[in-house]
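User: Hi! I am new to reading protein models and would like to go through one with you, question by question.

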Amino acid sequence: MNAPIRSAADGPGLRAIPASARIQAALREAILGMRLMPGVALSEKDIARSYGVSRTPVREALLRLAEERLVDIYPQVGTFVSRIRVDGLPDAMVIRMALERVTVRAAAERADGASRAELKANLDRQHAANRDGDLEGFYAADEEFHQSIARLAGHPHLWRVVKQEKVQVDRCRLLTLPQPSRRINLMAQHGAIADAIGAGDPDAAEAAMGAHLAEVLPSIDTLREAHPDYFEAGGEAPLSRPRRGAARP
């Protein structure tokens with residue numbers, strides 16, 4: 001049974017998070033944020049030591065990450081951060097487009113002063129992160145924007161589905177965030193979505209979301225040319241080029 005881990009900020013009334021879930025979340029964030037690069041070897045022993053736990057919850061966390069296709073586990077060989085799989089990207093975007101069209105329409109239909117204020121505050125955070133060159137903060141605010149729309153729509157669980165399905169898309173997107181023009185375009189698109197929701201116009205909101213999501217996935221060919229070691233066309237990731245290094249999320 002997993003030993004729960006609490007952060008120092010956890011209060012007595014907060015539920016402890018199981019070690020496996022905490023480790024999975026930290027590794028997931030590190031992989032998506034490219035702090036753990038594709039092909040890097042992950043050491044159960046080192047991860048367990050860094051968290052002060054046994055290897056059992058680490059193994060459980062890695063198995064869950066393998067289900068998300070974020071790590072590749074090879075018995076008797078090792079565990080590696082997966083390279084980006086492009087074969088599932090089209091389906092991921094179809095799922096995201098379908099679900100977010102639903103949530104943005106519902107959010108516009110339910111729009112009130114509080115929802116408008118929430119989206120504006122989020123846009124302000126995006127602009128602040130962009131000014132500061134805080135790419136992780138910008139990405140987090142971007143994710144919060146879409147999550148807020150799902151919650152304001154009354155369908156918070158749909159965002160969980162979207163988030164799980166789009167992990168490989170996110171890895172591609174994060175490679176483009178250092179480009180200032182990319183962030184500027186995203187903020188303009190988010191602003192159009194927020195304006196349509198605030199105006200209570202479901203048709204305009206859906207159109208703005210559709211235009212935004214149509215540009216979410218960058219040119220894969222360009223990314224693969226710039227980062228050839230990060231991508232795998234499909235199937236099993238090769239073991240010929242693993243990068244050795246301890247996982248330090």
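Predicted model: local features only at pLDDT ≥ 70, side-chain atom pairs only at ≥ 80, totals over all residues.

User: How many helices and strands does the chain have?

Analyst: Helices (H or I, at least four residues) and strands (E, at least two) are DSSP runs, numbered from the N terminus. Counted this way, the secondary structure comes to eleven helices and seven strands.

User: What share of the 249 residues is buried?

Analyst: Buried means under 20% relative accessible area, exposed over 50%, and partly exposed in between, with a 1.4 Å probe and protein chains only. Of the 249 residues in the chain, the buried share is 46%.

User: Is Ala19 buried or exposed?

Analyst: Ala19 sits in helix α1, which covers residues 19-32. Its relative accessibility is 0%, so Ala19 counts as buried.

User: How are α9 and α10 oriented to each other?

Analyst: Axes are lines fitted to C-alpha atoms, for helices over the stretch in contact, and angles run from 0 to 180 degrees between N-to-C directions. Helix α9 (residues 180-198) and helix α10 (residues 202-213) pack at about 165°, with axes 8 Å apart. Angles under 35 degrees count as roughly parallel, over 145 as roughly antiparallel, 65 to 115 as roughly perpendicular and the rest as oblique. The two helices, α9 and α10, are therefore roughly antiparallel.

User: Which residues of α10 does α9 meet?

Analyst: Contact means heavy atoms within 4.5 Å. From α9, the residues taking part are Leu186, Gln189, His190, Ala192, Ile193, Ala196 and Ile197. Their partners in α10 are Ala204, Ala205, Ala208, Met209 and His212.

User: How many charged residues are in the contact of α1 with α8?

Analyst: Arg28, Ile31 and Leu32 in α1 meet Val167, Asp170, Arg171 and Leu174 in α8. Ala, Val, Leu, Ile, Met, Phe, Trp, Tyr, Cys and Pro count as nonpolar, Asp, Glu, Lys and Arg as charged, and the others, Gly among them, as polar. The contact of α1 with α8 has four nonpolar residues, no polar ones, and charged residues numbering three.

User: What is the separation of the C-alpha atoms of Ala19 and Ser54?

Analyst: Ala19 and Ser54 are 35 residues apart along the chain. In the model, their C-alpha atoms are separated by 9.6 Å.

Notes. Residues numbered from 1 in each chain as written. Heavy atoms only, no water.
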